[in-house]
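The structure comes first, and the notes follow by topic.

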Amino acid sequence: MIFHFEETANKLPYNLQVQYHPNLDYITLREVNEGGDPMEDWVDYDPKCGASDDEETFNCDEILQTMRSIYNHNVRTNF
């Protein structure tokens with residue numbers, strides 16, 4: 001799934017491609033261009049450690065919550 005963000009300080013848009021790993025409850029993500037082509041390698045995000053700054057931590061936590069909700073919804077509707 002691709003999420004679109006805008007940096008608070010610089011107002012620069014960026015896109016993150018995200019994969020959720022429900023068995024360990026974490027996400028991997030990478031920046032992609034608007035066409036979805038990767039611009040960097042995959043990086044793990046562990047909510048216990050946070051990200052490199054508060055804004056990134058907030059965004060990653062929001063993404064993780066969204067991915068958990070999507071996963072839980074899909075599990076409930078497929079059984």
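Strands here are DSSP runs of E with at least two residues, helices are runs of H or I with at least four, and both are numbered from the N terminus. The model is predicted. The protein has four strands and one helix, and their order from the N terminus is β-β-β-β-α.

**Overall picture**

- Along the principal axes, the C-alpha atoms of the protein fill a box of roughly 45 × 30 × 20 Å.
- The protein has 79 residues, and buried residues make up 25% of them.

**Confidence**

- The mean pLDDT of the protein is 90, and 99% of the residues reach 70 or more.
- Strand β1, residues 2-6, has the lowest confidence, with a mean of 85.
- Confidence is highest in β4, where the mean is 95.

- Threonine 28 is part of strand β3.
- Threonine 28 counts as buried because its relative accessibility is 6%, and the cut-off for buried is under 20%.
- The side chain of threonine 28 makes a polar contact of 3.1 Å with the side chain of histidine 21.
- Tyrosine 14 belongs to strand β2, and with a relative accessible area of 13% it is buried as well.
- Between tyrosine 14 and glutamate 31 there are 7.2 Å in space, C-alpha to C-alpha, although the two are 17 residues apart in sequence.

- Aspartate 25 sits in the loop between β2 and β3.
- Most residues other than glycine have a negative phi.
- Aspartate 25 is not a glycine, yet its phi is positive, at about 55°.
- The relative accessibility of aspartate 25 is 26%, so this residue counts as partly exposed; that class lies between the cut-offs of 20% and 50%.
- The count of salt bridges comes to one.
- In this salt bridge, the side chain of aspartate 25 meets that of arginine 68, at 2.5 Å from N to O.
- Arginine 68 is in helix α1 and aspartate 25 in the loop between β2 and β3, so the pair ties together parts that are 43 residues apart in sequence.

**The largest pocket**

- Empty space can be found by rolling a probe the size of a water molecule over the atoms.
- The largest pocket holds about 340 Å³ of space.
- Its lining consists of 17 residues, and those nearest the centre of the pocket are Tyr14, Leu16, Leu29, Ser52 and Glu56.
- Sorted by class, the lining of the largest pocket has seven charged, seven nonpolar and three polar residues.
- Four elements each supply at least two residues of this lining: β2 (13-21), β3 (26-32), β4 (43-45) and α1 (54-77).
- Helix α1 gives the most to the lining of the largest pocket, namely four residues.
- Tyrosine 14, described above as buried, is thus also one of the residues nearest the centre of the largest pocket.

Methods
Residues numbered from 1 in each chain as written. Predicted model: local features only at pLDDT ≥ 70, side-chain atom pairs only at ≥ 80, totals over all residues. Heavy atoms only, no water. 1 Å grid on protein atoms, 1.4 Å probe; cavity = no way out; pocket = protein on both sides within 12 Å on 5 of 7 lines; lining within 4 Å. Points joined across faces, edges and corners; volume = space filled by probe spheres on them. Nonpolar A, V, L, I, M, F, W, Y, C, P; charged D, E, K, R; others polar. Salt bridge = Lys/Arg side-chain N within 4 Å of Asp/Glu carboxyl O. Buried < 20%, exposed > 50% of the residue type's maximum accessible area, 1.4 Å probe, protein only. pLDDT = per-residue confidence, 0-100. Polar contact = N/O pair within 3.5 Å; in protein donor to acceptor, adjacent residues only side chain to side chain.
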